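Please look over the sequence and the structure before reading on.

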Amino acid sequence: MPPVTIYTKSWCPYCSAAKELLKAKNVDFTEIAVNSAADQATMAKKAGGRSTVPQIWIGERHIGGCDDLHALDSKGELDRLLAA
């Protein structure tokens, strides 16, 4: 399974929903807290300018946010990416 990384803020309900989906699939992930403007700028640069949380990567592939993660799951593509 490729590494999964998720940038989050503690109060974000979308971050919680994304993490719950990953946990339901028994996926270990690295969570990076976005606690400052500098953290957010670093994340946005890596995410091609997207500054909202969560931002999720599976391996080197940028998935996007919570809605993007759930859309992949609905299409059956998330399991394929996680199994690669």
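Two strands count as paired if DSSP finds at least two bridges between them. By that rule, β1 and β3 are an antiparallel pair with four bridges. The model discussed here is a predicted one.

**The sheet**

Four strands make up an open sheet in the order β2-β1-β3-β4, and the pairing in this sheet is mixed. Its edges are β2, residues 30–33, and β4, residues 61–64, each of which pairs on one side only. On average, neighbouring strands of the sheet are turned by 20° against each other, direction ignored.

| Pair | Sense | Bridges |
|---|---|---|
| β1 and β2 | parallel | four bridges |
| β1 and β3 | antiparallel | four bridges |
| β3 and β4 | antiparallel | three bridges |

Strand β1 covers residues 4–8. The strands β3 and β4 form a hairpin with two residues between them. Gly-59, in the turn of this hairpin, has a positive phi of about 60°.

**Cover on the sheet**

Is β3 covered on one face or on both faces? Both faces of β3 are covered. Gln-55 and Trp-57 are buried on one side, and Ile-56 and Ile-58 are buried on the other.

Helix α2, residues 37–46, lies across β1, β2 and β3. Its direction is at about 50° to β3, the strand of residues 55–58. Helix α3, residues 66–74, also packs on the sheet, where it touches β3 and β4. The direction of α3 makes about 105° with that of β4.

**Helix α3**

Which residues of α3 are buried? Cys-66, Leu-69 and Leu-72 are buried in this helix. Seen down the axis of α3, its buried residues fall within an arc of 130°, so they line one face of the helix. The cover over these buried residues includes α1 (13–24), β3, β4 and α4 (77–83). Turned away from the buried side of α3 is a face that carries the exposed residues Asp-67 and Ser-74. Just after α3 comes Gly-76, which takes a positive phi of about 80°.

Conventions. Residues numbered from 1 in each chain as written. Predicted model: local features only at pLDDT ≥ 70, side-chain atom pairs only at ≥ 80, totals over all residues. Heavy atoms only, no water. Axes fitted to C-alpha atoms, helices over the stretch in contact; angles between N-to-C directions. Contact = heavy atoms within 4.5 Å. Buried < 20%, exposed > 50% of the residue type's maximum accessible area, 1.4 Å probe, protein only. Arc of directions from axis to C-beta.
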